[in-house]
Amino acid sequence: MARGHLLVEQAIGQIRRGSQYRRDPDEDLDELCGSLERVGILNPPAITEGSVLITGNRRLAAMERLGWRVTPVWVVPDVSDKLSYVLAIRDEQTLQKALKPLEQAELYEELKALYAEDAQRRDAATRFGSPDRNDRVAEVRDGGAESAPPSGGGKVRVQAARAVTGRDSRTMLEQINELRRIAADDLEDPYVRQEAAEALIELNTDGKVNGRYLHVKSAQNLAGIRRAADDPDAPETVRASAKQELQTLEKLERPAEVAKESGLALARLTQLRESAGTAERIGWKDADPLLREKHQIRKLVDLLRREHGWWDRFDPTDFGRHAEPDQWELVDTYITAAATFLATARTAREETADADV
């Protein structure tokens with residue numbers, strides 16, 4: 001460690017982990033534990049002056065497994081701002097053991113935001129009228145030069161990608177983060193969310209991103225087109241165009257072409273719907289005394305049609321064994337409330353049938 005000072009004994013329980021991007025710090029620790037038992041700490045963990053861990057997460061995990069209570073540490077000064085702290089963690093967790101794709105994408109996302117914020121601060125500090133501007137101009141005249149990250153969005157993405165992987169991997173990392181957003185979006189089609197979640201699990205194992213990204217984006221676009229084709233509130237021109245787009249897309253085979261053309265088709269439908277405007281509506285009761293009720297029923301049936309058959313696509317045994325408490329509560333409430341809904345609806349249906357007799 002080039003700067004700082006060595007503290008011979010620091011209580012391990014007082015060291016705060018802070019942000020860690022590695023999901024499995026306790027994985028494959030047997031060899032490290034053996035080394036610590038044989039020769040002790042050759043490379044002490046590093047912490048900030050506030051006892052926040054910078055480097056040595058796996059070493060601390062190994063010491064905790066061995067039951068150690070104290071460790072020597074390097075105390076590093078001036079690692080206080082968020083960007084420097086995240087970069088310090090990056091150095092430890094990318095140089096010591098390669099991060100998995102999902103871990104890389106999360107680190108990339110945070111670095112991208114931090115680089116952009118840092119660039120904005122530097123830009124604001126050098127604008128005309130800024131209190132710091134004259135000092136910075138003088139510094140340059142004296143021969144000093146401050147290294148500043150680029151302010152452009154594209155350049156920030158490149159810089160963040162290189163900081164994580166050592167190369168311009170922004171496309172791959174952006175694709176992973178887009179899949180993460182789709183998988184977490186409650187407004188997304190359930191089938192598409194599931195496809196995105198499965199893609200993330202698989203790519204985190206073998207690192208193959210682009211093909212899975214194209215598959216999920218195609219599924220997302222096609223789901224949007226199908227919604228337009230089935231939407232009772234959409235103008236007839238939009239529904240007809242959506243059905244025609246689906247027929248055209250069915251003939252395509254190459255994944256990249258399907259992803260591109262389905263995205264363009266969805267954009268065309270959106271534009272068509274906007275240009276069609278909102279047609280003047282007559283009153284609900286003027287056209288049909290049950291029009292409002294029929295409209296609500298169509299919306300409910302359309303919702304259920306998209307999710308129909310989910311009970312055949314998932315293993316109930318796996319769900320019963322492994323669902324988190326909030327996941328279990330959601331499904332339990334869904335089924336229970338649906339059963340109550342159906343019982344009430346069945347009673348009303350039977351009463352209506354008896355009245356018609």
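**Asking about pockets and residues**

Me: About 700 Å³ of space lies in the second largest pocket. What makes something a pocket, and what does the volume stand for?
Reply: Picture a 1 Å grid laid over the protein atoms alone: a pocket is an open set of points with protein on both sides within 12 Å along at least five of seven lines, whereas in a cavity a 1.4 Å probe fits but cannot get out. Points are joined across faces, edges and corners, and the volume is the space filled by probe spheres set on them. By the way, this is a predicted model, where local features need pLDDT of at least 70, side-chain atom pairs count only at pLDDT 80 or more, and totals for chains, interfaces and linings use all residues. Residues are numbered from 1 along each chain as its sequence is written, and side-chain values use heavy atoms, with hydrogens and water left out.

Me: Which residues line that second largest pocket?
Reply: There are 18, and Leu300, Leu304, Phe341, Leu342 and Ala345 lie nearest its centre. To count as lining, a residue needs an atom within 4 Å of a point. H16 supplies the largest share, nine residues.

Me: What makes a lining residue nonpolar, polar or charged?
Reply: Just its type: Ala, Val, Leu, Ile, Met, Phe, Trp, Tyr, Cys and Pro are nonpolar, Asp, Glu, Lys and Arg are charged, and the others, Gly among them, are polar. That gives twelve nonpolar, two polar and four charged residues for the second largest pocket. For the largest pocket, it's 17 nonpolar, two polar and eleven charged.

Me: What else is there to say about the largest pocket?
Reply: Its volume is about 1400 Å³. It has 30 lining residues, including Arg193 and Phe314 nearest its centre, and H8 gives the most, with eight.

Me: Is Arg239 buried or exposed, and how do you know?
Reply: Buried means under 20% relative accessible area, exposed over 50%, and partly exposed in between (1.4 Å probe, protein chains only). Arg239 has 19%, so it's buried.

Me: What does the side chain of Arg239 reach?
Reply: The backbone oxygen of Ala234, at 2.4 Å. Arg239 itself lies in helix H10.

Methods
Helices (H or I, at least four residues) and strands (E, at least two) are DSSP runs, numbered from the N terminus. A polar contact is a pair of N or O atoms within 3.5 Å; within protein, one must be able to donate a hydrogen and the other to accept it, and residues adjacent in sequence count only if both atoms are side-chain atoms.
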